[in-house]
Amino acid sequence: MPIYEFPRDKSVFINCPFDDDFRPLFESIVFSILCCGFYPRCAVESTSSALPRIDRILQAITNSKYSIHDLSRCRGEGAANLGRFNMPLELGMAIMAERFPGRKRGYEHDWLLLVPSGHTYQRFVSDLAGYDPMEHDETPQSVVPQVMSWLETRPDATPTPTPSNVLEALPVFNSALERLSGEWCGRVPWIHLISIGLEVGKKTGLVVMEMDL
C-alpha cells in the first residue's frame, strides 16, 4: 500500500526535529505509533519536488486523523541564537485542520503536544496557554509512555502492548534500523523505515493487528 493510501483514521502525523540529537526520540515515537496499531506519517515521507514542501506537509496532516507535535527545538541555538519554528508552524496547520469551518463532517483532527520538562513554550506561543502538553525529559524512556498513553485513548485505538514492552523491544528496532541505514548510506526511505518497524513489531509480538504496506 503506498504511503499516501494509509487509512486516515489510522494515520498519525509526526511534527518534530529531525536532527541527530533528537533522532532516538523520533525513532521511538515511530515505533510506538506502529505498536499502537497506527501508521506514522511526517514531512520526510516524500522527497518529491513536484509540490512545495509546505503543500506536502499540509497534505500529510489533512490525510491524518491524528498528529504529534514536539516543540523541543524552539529555543535559541548556535552563534546567532536562532530557534526553529517549523514545529509551531506545523502545529498551527494541524489546529486549522481541526477547526477549519469548511471541513467535511466526520473529518476530525486530534493532536498531542509534547514539550521538554521546564520548556517555556508559552512565552513564544501564548495562545497555547490553556492546553496541557505532555512533558518528557528528552529520552525514549519518557517519550514512549506519553505517546502510548495518548494513542491508547483515541477512538480508533486497538489493544496495545505496554510502554515497558515497547521500550524492551526498542533496541531490536534500533539495531535493525542501523543495519538498514548502512545499506542505504544513511538515507533510509520512509517506507522502509516503517516496514522494518512493522517487521520488528510482529516478531516481538507487539504489533497485534494485521497492518500492511
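Analyst: Let's start with the term itself: a nonpolar core here is a set of buried Ala, Val, Leu, Ile, Met, Phe, Trp, Tyr and Cys residues joined through side-chain atoms within 4.5 Å, where buried means under 20% relative accessible area, exposed means over 50%, and partly exposed falls in between (1.4 Å probe, protein chains only). Keep in mind that this is a predicted model, in which local features need pLDDT of at least 70 and side-chain atom pairs count only at pLDDT 80 or more, while totals for chains, interfaces and linings use all residues. Residues are numbered from 1 along each chain as its sequence is written, and side-chain values use heavy atoms, with hydrogens and water left out.

On to the core. The largest one has 43 residues, and Phe-31, Ile-33 and Ile-68 have the most contacts inside it. Two or more residues come from each of S1, H1, S2, strand S3 (66-70), strand S4 (110-116), helix H4 (140-151), H5 and helix H6 (190-203). Helices (H or I, at least four residues) and strands (E, at least two) are DSSP runs, numbered from the N terminus. H1 is the top contributor, with eight residues.

Take Ile-68 as a way in. Setting aside residues up to four places away in sequence, Ile-68 touches Val-12, Phe-13, Ile-14, Asn-15, Ile-29, Ile-33, Leu-112, Leu-114, Val-147 and Trp-150; contact means heavy atoms within 4.5 Å. There's also a second, separate core of eight residues, and Ala-43, Ile-61, Met-93 and Ala-94 are among them.

Now the rings. Six aromatic pairs turn up across the whole structure. Rings of Phe, Tyr and Trp (its six-membered ring) pair if their centres lie within 6.5 Å, and planes under 30 degrees apart count as stacked, over 60 as edge-to-face and the rest as tilted. With centres 4.2 Å apart and planes at 25 degrees, Phe-6 and Tyr-39 are stacked. Phe-6 is in the segment before strand S1 (11-15) and Tyr-39 is in strand S2 (residues 39-42), so this pair ties together parts 33 residues apart in sequence. Both Phe-6 and Tyr-39 are buried.

Phe-31 and Phe-173 make another stacked pair, since their centres are 4.8 Å apart and their planes are at 10 degrees. Phe-31 belongs to helix H1 (residues 23-35) and Phe-173 to helix H5 (residues 163-183), so here the parts tied together are 142 residues apart in sequence. Phe-31 is buried at a relative accessible area of 0%, and Phe-173 likewise counts as buried at 0%. Elsewhere, ring pairs link Phe-18, Phe-26 and Trp-190 into a cluster.

As for the strands, five of them form an open sheet in the order S2-S1-S3-S4-S5, with parallel pairing; two strands pair if DSSP finds at least two bridges between them. S2 and strand S5 (134-136) are at the edges with a single partner strand each, so one side of each has no neighbour in the sheet. S4 and S5 pair in the parallel sense over three bridges, and Val-115 stands opposite Glu-135 in S5.

One last stop is Lys-202, placed in helix H6. Lys-202 is partly exposed, with a relative accessible area of 38%. Lys-202 and Cys-35 are 167 residues apart in sequence, yet 8.8 Å apart in space, C-alpha to C-alpha. Leaving out neighbours within four places in sequence, Lys-202 is in contact with Val-207, Glu-210 and Met-211.
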